[in-house]
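These are my notebook entries on one protein chain.

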Amino acid sequence: MYDHVTDAVKRPAMISVDSDLVCVRFETMKMYSALGAVRALLDSGRVRPGDTLIDSSSGIYAYALALACHRHGMRCHIVGSTTVDRVLQVQLEILGATVELVRPSTSLRLDQNLRVRRIAELLRENPSYHWMRQYHDSIHYSGYAEVARQIGEELPDGPLSIVGAVGTGASTGAIASWLRASGRDVQLVGVQPFGSVTFGSEHLADAEILIAGIGSSIEFQNVRHELYDRIHWLSFDYAMSGAVGLLRSNAVFAGLSAGAAYLAARWEHRLDGVRRQVFIAADTGHRYVETAFSRHAEAHEVDKLEPLEVESVRELARPWSAMNWAGRPAPQPAGAGRGVR
């Protein structure tokens, strides 16, 4: 019997979807991020029960933080993206969280800037609030040690590739780091949308980008670029095709980032048949039903999709590009005249 619902929903299921291809399916992956960070903050005395924790979120982290606050007797304040749907918003409110949604925007940069600006206003008005800084504070790495242990226990032998969304960096980066620290041979493959500054694709916008939480138009300080061996950039329609293909062939209902990771893992397996490919499905597909899954008739056949292999971010092209990142540092913004190009 579980003491709290967080224990029941946090542990992922590991599902074999093909030969040497494993899906790590979470109900909400960022439960580990939020729980680990809140526990560390309480243990260090930086926060106490009853304090208010605040952060910006496109949805998954908001739910995880609200549940972590519920478990530990904290107050929660979320400044959310318009991707926070009505179902999630109602859950957050019943859990006791204060929820603010920024005004609708077709620009990822504007949406993220509006949320950060509102956070700054709230902190000036409420200096006792603790900003969780999921995009910047490496404290969020700690919770994923448990995920790495589970992968190590359930897949005990042989080299691995961890394939998944880069996002804030505190999921794929953390899982790979903990596995490597245990002595495991791990290749880390990150997934990005076009238009994200994190790995230098801001010059290629995707008009239909709906893959909330896997890329950014602002710098995420807790992304450790040097951890990544390979990067894949995928468009919305390819990520949607991957998600539909994953559901159709393996009955795994997961979000768009999982669809993108599924395609990337399939390709990596073609390139390297020695490593077992372990791809991350960070959440379920429910919030993408109207925007993606309802368009399943438009999905491409995944067996026919291949990336353009490039040697520089200057060569990136939609709908899918892949590159040996090989531990490079963070790229400089477009037009800076230096860095990875």
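**Entry 1: helices α3 and α4**

I looked up helix α3 (residues 60-72) and helix α4 (residues 86-94), whose axes come within 10 Å and cross at roughly 20°. Because of this angle, α3 is roughly parallel to α4. I noted that angles under 35 degrees count as roughly parallel, over 145 as roughly antiparallel, 65 to 115 as roughly perpendicular and the rest as oblique. The axes are lines fitted to C-alpha atoms over the stretch in contact, and angles run from 0 to 180 degrees between N-to-C directions. Helices (H or I, at least four residues) and strands (E, at least two) are DSSP runs, numbered from the N terminus.

I then listed the residues that meet: Ala-62, Tyr-63 and Ala-66 in α3, with Leu-88, Gln-91 and Leu-92 in α4. By class, this contact of α3 with α4 has 5 nonpolar, 1 polar and no charged residues. Here Ala, Val, Leu, Ile, Met, Phe, Trp, Tyr, Cys and Pro count as nonpolar, Asp, Glu, Lys and Arg as charged, and the others, Gly among them, as polar. Contact means heavy atoms within 4.5 Å.

I recorded how the model is treated. It is a predicted model, in which local features need pLDDT of at least 70 and side-chain atom pairs count only at pLDDT 80 or more, while totals for chains, interfaces and linings use all residues. Residues are numbered from 1 along each chain as its sequence is written, and side-chain values use heavy atoms, with hydrogens and water left out.

**Entry 2: helices α8 and α9**

I turned to α8 (residues 236-250) and α9 (residues 256-271), whose axes come within 7 Å and cross at roughly 85°. The two helices are therefore roughly perpendicular to each other. Among the residues in contact I found Phe-236 and Leu-246 of α8 and Leu-256 and Tyr-262 of α9. By class, the contact of α8 with α9 has 10 nonpolar, 5 polar and no charged residues.

**Entry 3: the whole chain**

I found 9 helices and 12 strands in the chain. Of its 341 residues, 55% count as buried (under 20% relative accessible area; exposed is over 50%, partly exposed in between, with a 1.4 Å probe and protein chains only).

**Entry 4: Ser-171**

Is Ser-171 buried or exposed? Ser-171 counts as buried, because its relative accessibility is 7%. I located Ser-171 in the loop between β7 (160-165) and α7 (172-181). Leaving aside neighbours within four places in sequence, Ser-171 is in contact with Met-29, Tyr-144, Ala-165 and Val-166.
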